[in-house]
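Thanks, everyone. Please look at the screen while I bring up today's model.

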Amino acid sequence: MGAAGALAFTALPAAFAAPSATAVIAEVYGGGGNSGATLTRDFVELANAGSAAYDLSGYSVQYLPGSPSATSQWQVTALSGSVAPGARYLVAEAAGTGGTTALPTADATGSVAMSATSGTIALVSGTTALACKTAADCAADTRIVDLAGYGSAVVREGSGPATGSSNTASVARATSLADTDDNAADFTAGTPSPVNSAGQTPGSGDGDGDGDGGGSTDPGTVRVHDIQGPTRLSPYTGQTVTRVPGIVTGVRTSGSKGYWIQDPQADTDPRTSEGVFVYTGSAAPTVAVGDSVLVTGKISEYHPSSTSQSVTEITGPTATVLSSGNALPEAATLDATTVPDGYIPTADGASVESLPLEPAVYAQDFYESLEGMRTTLADARVVGATDAYDELWVTVKPEENATTRGGTLYSSYDRPNTGRMKVASLDTAAAVPAANVGDELSGTTTGPLDYSTYGGYILQATRLGTRVDNGLKQEVTRRQKADELAVATYNVENLDALDDQEKFDRLAEGVAVNLNSPDIVALEEIQDDNGAVNDGTVTAEATLTRFTDAIRAAGGPRYSWRYVAPENNQDGGEPGGNIRQVFLYNPKRVSFTDRTGGDATTATSVVKTRKGARLTYSPGRIDPAGDAWDSSRKPLVGEFTFRGESVFVIANHFTSKGGDQPLHGRYQPPARSSETQRAAQAAEVNTFVKSLLSADKNAKAVVLGDLNDYEFSQTVTTLTAGRALTPLIATLPAAERYTYVYDGNSQTLDHILTSPAVTSFDYDVVHINAEFADQASDHDPQIVRIDVARCGRH
């Protein structure tokens with residue numbers, strides 16, 4: 001029983017059984033055989049939302065009238081067998097005198113005459129009739145696995161019963177089978193659509209047990225373009241479609257199993273796709289590319305995430321193969337001439353899914369109009385390296401915002417780059433190659449166009465181009481001169497003492513060789529000494545010992561370090577990891593000014609002296625108790641001396657973009673909710689820098705780190721307010737302004753900024769990770785070399 005139900009019972013109990021991740025009641029229909037009904041029998045459909053078969057032996061489905069009297073009894077239908085992961089289980093109940101269509105072959109049969117408008121169904125572990133007749137009493141019965149009250153049912157879960165049931169309408173869960181223990185929220189009314197454990201539906205399983213659907217090989221009246229419709233949402237959602245014709249164009253045997261069909265007889269509406277995905281759940285597809293099929297099933301709109309666009313699917317399918325080896329429909333071409341320059345329509349932050357598609361105006365509408373259809377691209381440049389999921393990004397618009405090293409630059413919110421396309425492979429014999437940015441997929445890459453959880457539209461290749469190596473090399477920056485102070489920043493991606501030596505060695509080479517041993521290195525994402533082990537450890541001495549040893553072995557100096565250990569699990573990041581910023585410094589070139597007293601909760605501040613500004617605590621943190629830093633890394637401030645000059649370094653790791661809506665999502669323009677906290681963090685750092693400048697207008701400050709935001713963002717505008725800081729990324733040519741690659745967009749998340757007194761410098765982003773399939777970190781480091789003596793007097 002859920003916690004809410006265990007603690008207190010009110011007039012509307014919150015839960016009966018804990019929200020189920022396995023067997024649930026999926027659909028309830030009591031109008032079978034009634035006036036106006038199509039189906040001849042009542043039914044209850046169960047489903048398995050889990051990853052293993054669920055044994056129903058000894059279980060029962062039980063029915064209670066919606067307003068039970070003193071003499072009302074639960075009526076029991078015994079179950080047997082099991083329900084497979086992702087599959088359905090059909091319980092047939094009493095037949096009426098009306099209706100014309102039989103249920104598909106039932107998995108269990110009872111004789112309960114259910115009300116069409118009000119009642120309660122319980123899935124029960126056992127076959128003894130329940131005795132409870134109130135919501136509170138039923139909430140206390142641990143035999144109840146799941147419960148669905150509909151109409152005006154007294155016994156129901158949550159805020160109220162499911163509504164809308166009638167002679168012609170059932171109440172059913174969404175395709176996701178989400179169980180929140182609130183019948184009113186979990187069930188919606190719609191056309192009854194029973195599915196049995198064989199995946200048969202009315203018209204495919206004809207009730208005689210042979211599963212032949214009546215043997216018809218004639219196409220039904222609904223075509224794929226009817227299912228897809230002129231918007232992102234199918235007009236047939238929730239309805240069962242019968243014998244939809246198409247040619248199988250691609251088969252996926254892992255992950256979300258299923259296959260794509262495409263109707264070779266296209267309509268004349270450019271908005272309506274001729275392809276659709278047929279989802280087979282846990283069952284491996286039994287069709288092959290080139291098969292001509294008739295498919296029967298229920299139409300659903302599957303949202304891979306809460307903010308993504310949806311994928312139109314045929315679920316619970318049965319298929320009749322008419323012939324094999326058929327020619328595939330011609331593929332639609334993706335290139336600079338076919339993909340529009342507009343990205344996606346706006347809807348004032350609301351969903352665009354119901355808007356009529358404009359495929360000649362917007363790239364995302366164009367891709368949606370091809371959802372499920374065969375598409376092809378040729379000789380495409382890689383703009384996002386192959387990832388751990390064997391996917392990469394290419395551009396079909398080679399001239400669109402090209403970077404100097406072959407990527408595609410993301411330079412403003414209103415220019416998301418329309419030519420980017422994600423590519424995966426359906427051919428297990430031709431995996432996506434390990435490709436870097438700037439490489440080419442030579443020849444043609446062809447396959448159905450899909451939509452994925454991460455990244456949006458994705459070409460599922462049945463034919464994959466050949467990788468041509470463009471020879472991308474890691475950069476090596478020059479060594480600082482004797483009178484130059486070299487300060488770098490590097491996000492080392494959750495480095496902890498338990499990582500393997502290879503990770504330490506590769507990151508160390510980045511510091512010693514590619515960055516050429518800076519005098520000061522601000523590190524982000526240094527974890528504690530046992531990483532994600534959540535036992536209260538907060539020190540990072542073992543992690544830093546291993547890292548500095550590896551840098552020394554790679555030819556770098558023997559670095560010293562300074563940091564402020566966080567409170568346990570108060571700085572965000574991986575639970576138990578306790579990430580923090582750390583200063584490494586070469587004591588042979590630069591000295592650190594220690595002023596003790598700074599800790600996880602004590603703020604450092606600026607003191608004005610006759611010799612200029614100084615810190616109260618060094619190392620120290622900026623306002624660690626401030627709301628801006630809740631569940632986030634606090635800035636680390638240190639005072640250094642180089643050739644007699646004081647230099648203040650502020651290392652940052654602002655809160656992540658987690659929770660922001662995606663560029664490709666259904667809500668447009670996407671909300672960037674995480675910006676609120678980053679803006680507050682930027683304001684704190686800006687205020688601190690201004691306090692330095694108030695104490696000494698010639699104070700030399702370097703603000704750096706992973707700001708998790710772009711150079712054109714409000715975060716950076718806030719951070720630089722009042723000309724307190726200069727963002728050095730803006731000093732580079734536009735095509736070189738990036739430190740990170742995400743969804744095929746080369747973008748800037750990491751920054752170095754300097755105070756006005758830093759007038760003589762040389763700045764460089766050192767590209768060694770973000771563009772490569774084989775990465776030591778997902779971020780590129782960067783460095784500034786400052787001629788301190790030429791930056792003015794103290």
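First, the ground rules. This is a predicted model, where local features need pLDDT of at least 70, side-chain atom pairs count only at pLDDT 80 or more, and totals for chains, interfaces and linings use all residues. Residues are numbered from 1 along each chain as its sequence is written, and side-chain values use heavy atoms, with hydrogens and water left out.

Now the overall picture. The protein has 794 residues, and 57% of them are buried. Buried means under 20% relative accessible area, exposed means over 50%, and partly exposed is in between, using a 1.4 Å probe and protein chains only. The C-alpha atoms fill a box of roughly 100 × 65 × 45 Å along the principal axes. I count nine helices and 41 strands. These are DSSP runs, numbered from the N terminus: helices are H or I with at least four residues, strands are E with at least two.

Next, contacts, meaning heavy atoms within 4.5 Å. Take those with a separation of 6 or more: 70% of them join residues 24 or more positions apart.

The accessible area is about 29,100 Å², and carbon and sulfur atoms hold 49% of it. The method is Shrake-Rupley with a 1.4 Å probe; for residues, only the protein chains shown count as cover.

Let's zoom in on strand β35, residues 700-706. Is strand β35 largely enclosed or open? Seven of its seven residues are buried, so the rest of the structure largely encloses β35.

Which strands pair with β35? One is β34, residues 645-653, parallel to β35 over seven bridges. Pairing here requires at least two DSSP bridges between two strands. Phe648 stands opposite Ala701 in β35. From β34 the chain crosses through helix α8, residues 675-695, to β35, and this β-α-β crossover is right-handed. That label means that, with the strands pointing away from the viewer, the path from the first strand over the helix to the second runs clockwise.

Now the loops. Asn708 is not a glycine, yet its phi is positive, about 55°. Its relative accessible area is 9%, so Asn708 counts as buried.

Ser631 also has a positive phi without being a glycine, at about 50°. Its loop runs between β32 and β33 (636-642). Is Ser631 buried or exposed? Ser631 is exposed, because its relative accessible area is 57%.

Two cis peptide bonds to point out. One joins Ser618 and Pro619, with omega about 5°. Pro619 lies in the loop between β31 (612-615) and β32 (620-621). Another joins Gln668 and Pro669, with omega about -5°. Pro669 is in the loop between β34 and α8.

My last stop is Asn769, in the loop between β40 (761-765) and β41 (782-787). Asn769 has a relative accessible area of 1%, so it is buried. What does Asn769 touch, leaving out residues up to four places away in sequence? The list is Tyr490, Gln775, Ala776, Ser777, His779, Asp780 and Pro781. His779 is 10 residues from Asn769 along the chain, and their C-alpha atoms are 6.1 Å apart.
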